[in-house]
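I opened this notebook to record what I looked up in one structure. The entries below follow the order in which I turned to each topic.

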Amino acid sequence: MRGGPTLGPEAFRALAHRAVDLAADHLAAVTGGAVFVPMTPDERAALLQQPLPESGADPQQLLTAVRKQILTHPMGNGHPRFFGWVNSPPQPVGIVGDLLASTLDPSCAGGDHAAIYLEHAVIRWLMELVGYPTQGAAGLLLSGGSMASLTALAVARHRALERLGHDVRAEGIQGVDAPLVLYQSSEGHSSLRKSVELLGLGSDNLRVIPAGRDCRLPVPALREAIAADRAAGRHPFCVAAGGGTVATGAVDPLDEIAEVCAAEDLWFHVDGAYGGFGVLDEGVAPRFRGLERADSLALDPHKWLSVPVECGAILVRDAAAMRAAFSLVPAYLRTEPEQGFGGLPWFSEFGFQQTRGFRALKLWMVLAASGREGVAAHIGHGIRLARELADRVRAAPDLELFGEPPLSIVCFRHRGSDDLNRSLMHRLQEEGRVFVTQAELESRFWLRACILGDATRESDLAVLVDEVRRLGAQLEERE
Ligand SMILES: *Cc1c(COP(=O)(O)O)cnc(C)c1O
């Protein structure tokens with residue numbers, strides 16, 4: 001028998017060295033290759049239909065298969081001209097962190113081992129980085145922004161029902177006289193709606209307030225919606241504000257929303273999955289005023305910070321509220337502080353997961369290797385390039401800019417029809433010189449470029465604009 005279980009230390013060293021060589025070669029070659037290469041039907045079938053092997057293979061041969069079949073078809077996000085969705089290239093130090101994390105392979109549910117203290121430290125670092133209060137607060141690393149917001153809304157729901165005299169953990173939401181209502185702008189992220197659905201609140205009770213032209217939540221309309229729900233006997237309980245929306249990077253008026261939440265006794269959640277780290281840029285920091293007042297803040301280090309996926313985070317101002325919403329310690333897991341495997345209260349009491357991965361190491365590697373200054377410079381780079389791209393779009397007579405980019409996302413389009421722009425996007429993706437995705441704004445189709453990578457340069461923006469104009473002209477001729 002051959003395979004993982006019998007791999008001795010020296011065989012592991014040889015295999016891992018070769019894997020590192022593959023990784024390094026891949027990273028070195030990324031920039032020179034296509035951004036994205038569509039897979040052929042045969043290539044898809046080779047992966048999809050491969051049979052379960054009866055006997056084990058030589059791991060060295062598996063590396064060869066990885067080199068030929070896997071590394072040849074990346075998603076594209078490692079490339080400096082990948083501007084799609086919110087998917088950054090991985091930081092090399094983060095990749096190394098991932099390797100070492102699985103070398104230890106602890107469960108970060110809790111206990112008295114290094115991984116736990118490192119996670120507590122990086123959670124505090126995240127708080128300090130974005131100016132969130134650390135005293136009495138708690139946080140968790142999670143798979144991403146979706147789980148972060150779901151976790152936060154579970155705490156918000158627990159607190160709101162407690163105030164109405166209900167124990168949601170025992171009763172569910174079955175016994176409540178009227179629905180709890182959550183507010184979000186029309187530019188808010190779909191993960192909030194999924195959370196509302198999963199938490200049994202029902203998306204009928206998600207008030208979607210139409211965003212203004214600036215894609216921000218209009219506070220007067222929010223106040224009116226809350227008043228209307230109260231008048232109808234419903235229970236407003238939470239506002240989910242955007243700290244950098246996914247379509248344009250708009251930052252809701254956080255300070256004013258915090259004011260409304262304080263006056264109305266609502267949970268103030270900020271979805272900063274993409275944009276929260278924008279607060280590190282001095283120029284745009286004033287837009288984030290009020291972030292520090294959030295009851296909960298979702299951040300995604302696997303987006304703008306380039307920590308390898310998955311690495312999301314939720315920060316909650318009131319640690320006790322978070323623990324009350326989740327803590328359930330069966331006898332087999334009980335420990336005592338300072339005794340045996342004891343230590344700090346377990347992370348598994350503050351969220352849904354029991355066995356938890358060692359996400360902290362890759363995040364710690366990236367933050368420690370950059371320092372606050374390095375992170376700020378990285379964030380500033382994306383913001384500066386987005387402005388540069390906006391200028392280039394403005395200077396092109398056949399292109400239209402949606403508006404001045406608030407953070408590192410630029411939405412623009414060719415002057416042709418929506419159909420032309422959609423075809424243009426598909427052509428750009430298939431041809432592999434640049435990669436953009438889409439946004440729907442004011443019922444029109446826009447090309448959307450999100451700039452996250454350190455390696456992206458002005459010359460890459462020039463290629464993007466040139467390609468859009470060249471293909472746009474070609475498609476226009478055909479229309
Ligand atoms: C990406 C994103 C999410 C979802 O986070 P995942 O990490 O994809 O789960 C939520 N909100 C915003 C604004 C995002 O950009």
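The patch is formed by Val20, Val96, Leu99 and Leu100, with about 310 Å² of accessible area together. Such a patch takes residues with over 30% relative accessible area and no salt bridge, and joins nonpolar side chains (Val, Leu, Ile, Met, Phe, Trp, Tyr) within 5 Å and like charges within 9 Å. Accessible areas come from the Shrake-Rupley method with a 1.4 Å probe, and for residues only the protein chains shown count as cover. Val96 lies in helix α4 and is partly exposed, with a relative accessible area of 40%. Here buried means under 20%, exposed over 50%, and partly exposed in between (1.4 Å probe, protein chains only).

I recorded the basis of these values. The model is predicted, so local features need pLDDT of at least 70 and side-chain atom pairs count only at pLDDT 80 or more, while totals for chains, interfaces and linings use all residues. Residues are numbered from 1 along each chain as its sequence is written, and side-chain values use heavy atoms, with hydrogens and water left out.

I turned next to salt bridges (a side-chain nitrogen of Lys or Arg within 4 Å of a carboxyl oxygen of Asp or Glu). Side chains of opposite charge can pair when their charged atoms come close. I found that the structure holds 32 salt bridges.

In one of them, the side chains of Glu10 and Arg13 meet at 3.2 Å, N to O. Because Glu10 and Arg13 are three residues apart in helix α1, about one helical turn separates them. Glu10 is exposed at 54% relative accessibility, whereas Arg13 is partly exposed at 45%.

Which residue forms a salt bridge with Asp255? I found Arg289, with the closest N and O atoms 3.1 Å apart. Asp255 lies in helix α10 (residues 254-264) and Arg289 in the loop between β5 (267-272) and β6 (296-299), so the pair ties together parts that are 34 residues apart in sequence. Asp255 is partly exposed, at 21% relative accessible area, and Arg289 is exposed, at 55%.

My last entry concerns a network of salt bridges, which links Glu400, Arg413, Arg415, Asp418 and Arg444.

Conventions. Helix = DSSP H or I, 4+ residues; strand = E, 2+ residues; numbered from the N terminus.
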